[in-house]
Amino acid sequence: MDRSALTSTVRGLWDDDILPSLSALVAIPAISPAFDPAWATSGHLAAAVEHVRAWLATRDLPGTTVEVVQLPDRTPLLLVDVPGTAVSDDTVLMYGHLDKQPPVGGWSEGLGPWTPVVRDGRLYGRGAADDGYSGYAAVAAIEAVRANGGTHARCVVLLETGEESGSPDLPAYLEHLKPRLGDVSLVVCLDSGGNDYDRMWLTSSLRGLVQATMTVRVLDAGLHSGTGSGVVPSSFRIARQLLDRLEDSATGEVLVREMHVDVPEHRLAEVRDAVTAAPGSITGPVAWAGGTRPVVEDEVELALNSGWRPTLSITGADGLPSPDDAGNVLRPFTTLVLSFRLPPTADSGVALEAVRRLLTTDVPYGATVELSRVEHATGWNAPALAPWLRDTLDGVGEEVFGAPWRSMALGGSIPFMGLLAEAYPEAQFLVTGAVGPDSNCHVPDEWLHLEQAARITAAVASVLDAHASR
């Protein structure tokens, strides 16, 4: 295919067909079920699915089936099955999600989570970048292949509605749909991004996670601090001691040995290339307070920290009254939410058991330690690129982006990738997307870079065509 003509087709699809519908999707408050326990009755997830289904029904893709799949007591899933135009028995599985993070306060003037605004080539609103555009981009890539004389294998687009909650329903759906998916030889995930908007970025690995809510309890009821302090150990001090078993507070190094791995040499080389291609992209978008500095100055080390080394963040707390309500009381308990990010190849189950052992064995003063809301997920490390895919990406980098593609380790997790890697160990993986380091996913002022989204769509179209004739 002529990539110039292909890119022109894609831009037309984005301007005329995708942007109006995607803007309307932003306006739907389809908050992920972990943050909206009443999702089934509120109907917002179902509304998002129906909105995209209705758009898909207007597309000129003969033989395509569009189906809403919903297992009992699970979030809905949108399944799009597009027959191939090439003689092939295999399947391309294309993934995205329609659920969103909570709105969060603090949006800039004129912007809001459910108010789509196009400004300076950006579409603002919750879910624009993460990840509402993905289904549109996947289908547009298929349409562009056909419009420019290319071919593609059978494509199945799967859009779930629980990704922001850790995809708890996805394993059941993959098992349910396995006979229909067939032989998946290529997985395309558009729920990622890169370090700038000058090139195509591939995600080569994803970190795993271990999360637990730790409660240290020393009393059944609060006690006047004048009476109890010096007699009853502080639950906060005990929590500090337990955290010292997990992390070096001076450096941030995680001390749980089961969470550490050796970084493969080829991943080290990728990190160096990524830092060279986009210097300053790791620290530049960070809203530093005052004179705060990064953990280290070396960008390669920062990239390894965020992609291949374990980290611990305290993401929530309970048992601590607000300063205005803090009386002279020895509190009965302290609760902290522990969020570990794990290297892509670390065993999350083994890591979780190590954390459980360190927190519940020989607890100071015999205090009670309770672990709740425990979850873990192992990361993902991409297989080596097949020659046909690498060659295609080289051509796309030159002709679509005008810059060579690069790959990077992603600090977040996409549970779908690990599940698919286990189910289809011989498949190739293309994990990419239009999100940049300043796209504000999960926080106020989320925005999608529209030109980058169009370029990514054109790139995926080229990959589909190359896959069909590999």
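Analyst: The following dialogue takes up aromatic pairs, strands, charged side chains and backbone geometry in turn. Please keep in mind that this is a predicted model.

User: How is a pair of aromatic rings described in general, and how many aromatic pairs does this structure have?

Analyst: Two quantities describe such a pair, namely the distance between the ring centres and the angle between the ring planes. In this structure the count is three aromatic pairs. One of them is formed by Trp55 and Tyr136: the ring centres are 4.7 Å apart and the planes stand at 65°, so the pair is classed as edge-to-face, for which the angle must be over 60 degrees. Trp55 belongs to helix H3 (residues 44-56) and Tyr136 to helix H4 (residues 128-147), so that the pair links distant parts of the chain, 81 residues apart. Trp55 and Tyr136 are both buried.

User: Why is the pair of Trp380 and Phe429 called tilted, and which strands hold these two residues?

Analyst: The ring centres of Trp380 and Phe429 lie 5.5 Å apart with their planes at 55°, so the pair is tilted. This pair also links distant parts of the chain: Trp380 is in strand E15 (residues 380-381) and Phe429 is in strand E17 (residues 428-431), 49 residues apart. Trp380 has a relative accessibility of 4% and therefore counts as buried. Phe429 counts as buried because its relative accessibility is 6%.

User: Which rings have the charged end of an arginine over them, in the cases of Arg119 and Arg122?

Analyst: For Arg119 the ring is that of Tyr124, with the charged end 5.8 Å from the ring centre. For Arg122 the ring is that of Trp447, and here the distance to the centre is 3.7 Å.

User: Let us turn to strands. How do strands of a sheet pair, and which strands pair with E3?

Analyst: The strands of a sheet are paired through backbone hydrogen bonds, and the pairing is either parallel or antiparallel. Strand E3 spans residues 90-97. E3 pairs with strand E7 (residues 183-189) in the parallel sense over six bridges, and Asp183 in E7 is the bridge partner of Asp90. E3 also runs parallel to strand E6 (residues 154-160), to which seven bridges join it. In that pairing, Cys155 of E6 stands opposite Val92.

User: Are the residues of E3 buried or exposed, and which of them point each way?

Analyst: Strand E3 is mostly covered, with eight of its eight residues buried. Asp90, Val92, Met94 and Gly96 point one way, whereas Thr91, Leu93, Tyr95 and His97 point the other way; all are buried.

User: What is the strand order in the open sheet of three strands?

Analyst: The order is E15-E8-E16, and the pairing is mixed. E15 and strand E16 (406-410) are the edge strands, since each pairs on one side only. Strand E8 (residues 201-206) pairs with E16 in the parallel sense over five bridges, and Trp201 stands opposite Arg406 in E16.

User: How far apart are Val263 and Lys100 in sequence and in space?

Analyst: They are 163 residues apart in sequence and 32 Å apart in space, C-alpha to C-alpha. Val263 is located in the loop between helix H7 (235-246) and helix H8 (265-277). Val263 is partly exposed, with a relative accessible area of 22%.

Note on methods. Residues are numbered from 1 along each chain as its sequence is written. This is a predicted model: local features need pLDDT of at least 70, side-chain atom pairs count only at pLDDT 80 or more; totals for chains, interfaces and linings use all residues. Side-chain values use heavy atoms; hydrogens and water are left out. Rings of Phe, Tyr and Trp (its six-membered ring) pair if their centres lie within 6.5 Å; planes under 30 degrees apart count as stacked, over 60 as edge-to-face and the rest as tilted. Helices (H or I, at least four residues) and strands (E, at least two) are DSSP runs, numbered from the N terminus. Buried means under 20% relative accessible area, exposed over 50%, partly exposed in between (1.4 Å probe, protein chains only). A charge sits over a ring if NZ of Lys or CZ of Arg is within 6 Å of the ring centre and within 35 degrees of the ring normal. Two strands pair if DSSP finds at least two bridges between them.
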